[in-house]
Amino acid sequence: MKAVVTGGAGFIGSHLCDRLVAQGHEVVVLDDLSTGSLQNLVQLEGSPGFRFVQGDILDRDLVDDLVSHADTVFHLAAAVGVYNIVDAPLRSLRINLHGTENVVEAAVRHRVPYMVASTSEVYGKNDADGLKEDDDRIYGSPTKSRWSYAAAKGLDELVAYVHGSESGVPCVITRFFNVVGPRQTGRYGMVVPRFVDQALAGRPITVYGTGTQRRCFGSVFDVVPGMLELMDTPAAYNRAVNLGGHEEVSIKGLADRVVELTGSDSEIVYIDYDEAYGEGYEDMQRRYPDTSLAKDLIGYEPTRDLNAIIN
Ligand code: NAD
């Protein structure tokens, strides 16, 4: 099988490439190296059938050409990370909307099964009693560019789904919940690598907000096999499927755990959301995935706990 992996030089994409190559597949990576790195792919250099193409998913002709020679497409390229999205809202929106449209349209045009990476953020966070026009928890709030990521990913799902159902070309949408593991960088706001970097450098560990917000972290070594199995499972076609972990921890608890596991003497400091992300920012208190659909479809069961993930 010949697979195209967009965003293959990134964190999740590079682990997916490792697995595809190990299974004997030919892999073509399309990545603009904006947040990814060739360093993530050095182990695959020289592997038979492996090829890296530096390019942009906004380049429609390039995408079409690569997809036209593929048997399957994994679309992971996206503008990710809070800092990235807030710093370049328009470019992020373009990549996450039109880039996905290019990939999905090419897949459907050439009748190549495709997977589109989505996010838990599509579940939103609006639990307010009275809904106000300036509520920063809605996706489409024109003044809150941070949520353009969730808004674009929600539309990506729709684009993937509508094309998939109209064309009959197999399509799987994977909703990732805080995936972590080796090669993830803390540069764009991802909390686990950021805490680990700070702890190892002996710098203060910066918790945004009160630290009482709770999250579940899923290992990339659970999520990647899940993606591959879903693509081989017709019952998963044209569905959005949650993939993540089950061990829930508060962000303060995560910071404590990182200090303990790294043996660091870093202190834990608290920074207001306003200071970290700009005025009016709020975050959801809890995000916990129900992965029963993935379990029903492919027997998905996360195997790695948080300590194993941090280590
Ligand atoms: P990542 O930044 O490591 O990977 C994204 C890759 O896309 C990078 O290699 C980057 O260089 C590439 N890219 C960005 N814009 C591009 C463009 N215009 N053209 C070509 N390549 C481009 O991030 P990741 O964590 O590996 O995320 C992979 C996918 O999973 C993304 O779609 C992301 O939205 C989704 N996701 C990840 C998580 C998570 O917890 N890591 C959670 C939810 C969703």
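Begin by selecting α1 (11-22), β5 (114-119) and α5 (148-167), each of which supplies at least two residues of the shell around the ligand; helices (H or I, at least four residues) and strands (E, at least two) are DSSP runs, numbered from the N terminus. The model is a predicted one, in which local features need pLDDT of at least 70 and side-chain atom pairs count only at pLDDT 80 or more, while totals for chains, interfaces and linings use all residues. Residues are numbered from 1 along each chain as its sequence is written, and side-chain values use heavy atoms, with hydrogens and water left out.

Next, colour β5, which gives the most to the shell around the ligand, with three residues. Then show the whole surroundings of the ligand, where 28 residues are found, the closest being F11, D31, T35, Y149 and V179; a residue is near the ligand if one of its heavy atoms lies within 4 Å of it. The shell divides into 14 nonpolar, 10 polar and four charged residues, where Ala, Val, Leu, Ile, Met, Phe, Trp, Tyr, Cys and Pro count as nonpolar, Asp, Glu, Lys and Arg as charged, and the others, Gly among them, as polar.

Now look at the oxygen atoms of the ligand. Of the 820 Å² of accessible area that the ligand has on its own, the protein covers 95%, as computed by the Shrake-Rupley method with a 1.4 Å probe.

Move on to S92, which lies in helix α4 (residues 89-109). S92 counts as buried because its relative accessibility is 4%, buried meaning under 20% relative accessible area, exposed over 50% and partly exposed in between (1.4 Å probe, protein chains only). Its side chain reaches the backbone oxygen of A88 at 2.7 Å, and S92 also touches A79, N84 and I85, not counting residues up to four places away in sequence, with contact meaning heavy atoms within 4.5 Å.

Finish with two loop residues. Most residues other than glycine have a negative phi. L33, in the loop between β2 (26-31) and β3 (50-54), has a positive phi near 60°, and is partly exposed, with a relative accessible area of 23%. R183, in the loop between β7 (179-180) and α6 (191-201), has a positive phi of about 80°, and counts as partly exposed at 29% relative accessibility.

Technical notes
A polar contact is a pair of N or O atoms within 3.5 Å; within protein, one must be able to donate a hydrogen and the other to accept it, and residues adjacent in sequence count only if both atoms are side-chain atoms.
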